[in-house]
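Please open the model in your viewer and keep the selection panel at hand. The tour moves from one selection to the next and says what is found at each stop.

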Amino acid sequence: MNETERIQAACSFLLQSPPGEINDVLNDVRNIISDDDTLHAGVLPALKEYNLTQFMTVDVPGTEHQSIVSEAARLEATEDGKERFVDPRSKTSFLFDHLTLEATASQPFEVDADCEPFRAALEKATISYLTAHFHDGVSFVFTKNGTANQFIMQIVANKYNPSNYWSGRWRSEYHIDLNENTVQGKVLVNVHYYEQGNVQLSATHDVSITLPAAVVTATPSAAAAKILAQIGNEEGRYETSLNDTYTEMGEKTFKSLRRALPLTRQKLDWDRVMGYKLGAELSSSKNMFGSL
Amino acid sequence: MADLVDSMLDLMRRLPPTRTEENVTALIGICPDYADDLLGSVDQPLKLRTDRATGKEYLACDYNRDGDSYRSPWSNEYDPPLEDGTVPTPKLRKLEIAANEAFDTYREMYYEGGASSVYLWDLDDGFAGVVLLKKTITRTTPHEPSGSWDSIHVFEAAERGRQAHYKLTSTVMLQLVTRNSSQDEDQEKGNGNGGGKGAARWKHEGEVSLSGSMTRQTEQDWPLTDPSSHVTNTGRMIEEMEIKMRNLLQEVYFGKTRDIVYDLRSVDDLEKARRQRELQKELVGFIKR
């Protein structure tokens, strides 16, 4: 493998990192490639892609809540090539280091006055939904392409428990379009359990909801509450259906792969399994293992 | 540089089990010198092959490989054919034939399908072997669940007089996939907070994949009455181990990972529960007064 291919492989490993284990994967990759200089420059795009798609949460100086680093939060790069991310709730923007996962240089950000009332209403409704159903969640509502009637809502909830060898991440993203009366969403759930093994759950759920016309014409706060009720309803049903899928896989698929016990409900009688003929045949060649 | 192998194994414990083959290939590409270490320590899904002589299916893995050829446990032949491929000594081959027959019965009793293979090889003091079992369920309609089970039991047997000492390392790889899609209308009928005209319409589509592997080890002594005892002894050990591991897999796959999902998001309203607790506290305080 040449250098480019090695970096490519390293990038692919990083993008496959389970929730909360990007640093562990990076340490392994660093040791395997053993060329820090090439590695650092080479894997930076992959680290950025990982952070954006995984909705990396970050503490931004000067704000009291955690912010999300994602494509929806990303601002156009400035002339000096620096890329900022926006936190619309605190109306700040910040720089983010994709390697150290730190936010710096926060500064005020001017939000779009036309979009803000509805965005703020959606965010308020999202936060009350978040506190009702997520144990450790972070959520944001972003405006989309600066248009007044399109928003992106994101939720991320992480649980890392390395001392008990597990981690989990729930991500939701909804594109809310008030022109089309639609909500297009995606839920992604990842779980890693790795005590004396490596077991992973990966669940994806795409949903599209067509909103009743009455929702869109209501006041921002009433409409936002309605939209979040629809989303909450959908996610609740999804979680319940996930439970059904678990039951089905556990009771049907798992059982038909391997029985708990044979039909006889007894363990095998190995002496009989060996059969008299076989036993006799082997015994006739006694002492085949010396000491016998 | 054991350190490097440790990093590779740590990496393989973290990356998705569904992509093991691709990732092992990439690691070998980066560190070709460590190919043997890696192939010897990372279990990969078993490949199903058909014995040309008997038409019977057998399982291919690193243990019955010589170059690019694999040896069938049924005919003892390599495919593609090898002039000087490694085969067990005639004595050990006899035991291998018996073991293959016995585990074929075991497979039918527990798996009711699938394939099994046993391969043995000589060691300085005794012999070693691997017992392989695999069953796959393929979906016949798009929304039926599919799955596969791969067992790899590697053991070493050392004879000590009328006893034999066995070291067993067992890995089970289990993969389950379910696809869902549905469409429905009007979720708000009759719950009183509708107020608006027209119903919301839903459409959803998704996939749930549970995959992975777990490994366990055991060491045991068993009596040796005749050479065939090795088959009954390892048979009993492997049967016991698979029963244990099946329970473990059930617990982790359908218990642990599910609990973690519910740890992330709660179906019940947490805020309501919090308020109820507050209220209860107040009531208790009130009664105490």
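Which residue in β10(B) is the bridge partner of A:Thr210? Select A:Thr210 and look across to strand β10 of chain B, where, in this predicted model, the partner is B:Arg201.

Now extend the selection to both strands, residues 197–210 of chain A and residues 201–223 of chain B, each of them numbered β10 in its own chain. These two strands run antiparallel and are joined by 14 bridges, and the pair formed by A:Thr210 and B:Arg201 is a place from which to follow them.

Next, select the whole boundary between the chains, where 86 residues of chain B are in contact with 88 residues of chain A. On the chain B side, helix α5, which covers residues 229–264, supplies the largest share, with 17 residues.

Colouring chain B by burial marks 37% of its 289 residues as buried. Among the contacts within chain B that link residues at least 6 apart in sequence, 52% join residues at least 24 apart.

Definitions and conventions:
Residues are numbered from 1 along each chain as its sequence is written. Chains are lettered from A and ligands numbered from 1 in the order in which they are written. This is a predicted model: local features need pLDDT of at least 70, side-chain atom pairs count only at pLDDT 80 or more; totals for chains, interfaces and linings use all residues. A residue is buried if 20 or more other C-beta atoms lie within 10 Å of its own, exposed if 12 or fewer, and partly exposed in between; C-beta atoms are placed from the backbone. Two residues are in contact if their C-beta atoms, placed from the backbone, lie within 7 Å. Helices (H or I, at least four residues) and strands (E, at least two) are DSSP runs, numbered from the N terminus. Two strands pair if DSSP finds at least two bridges between them.
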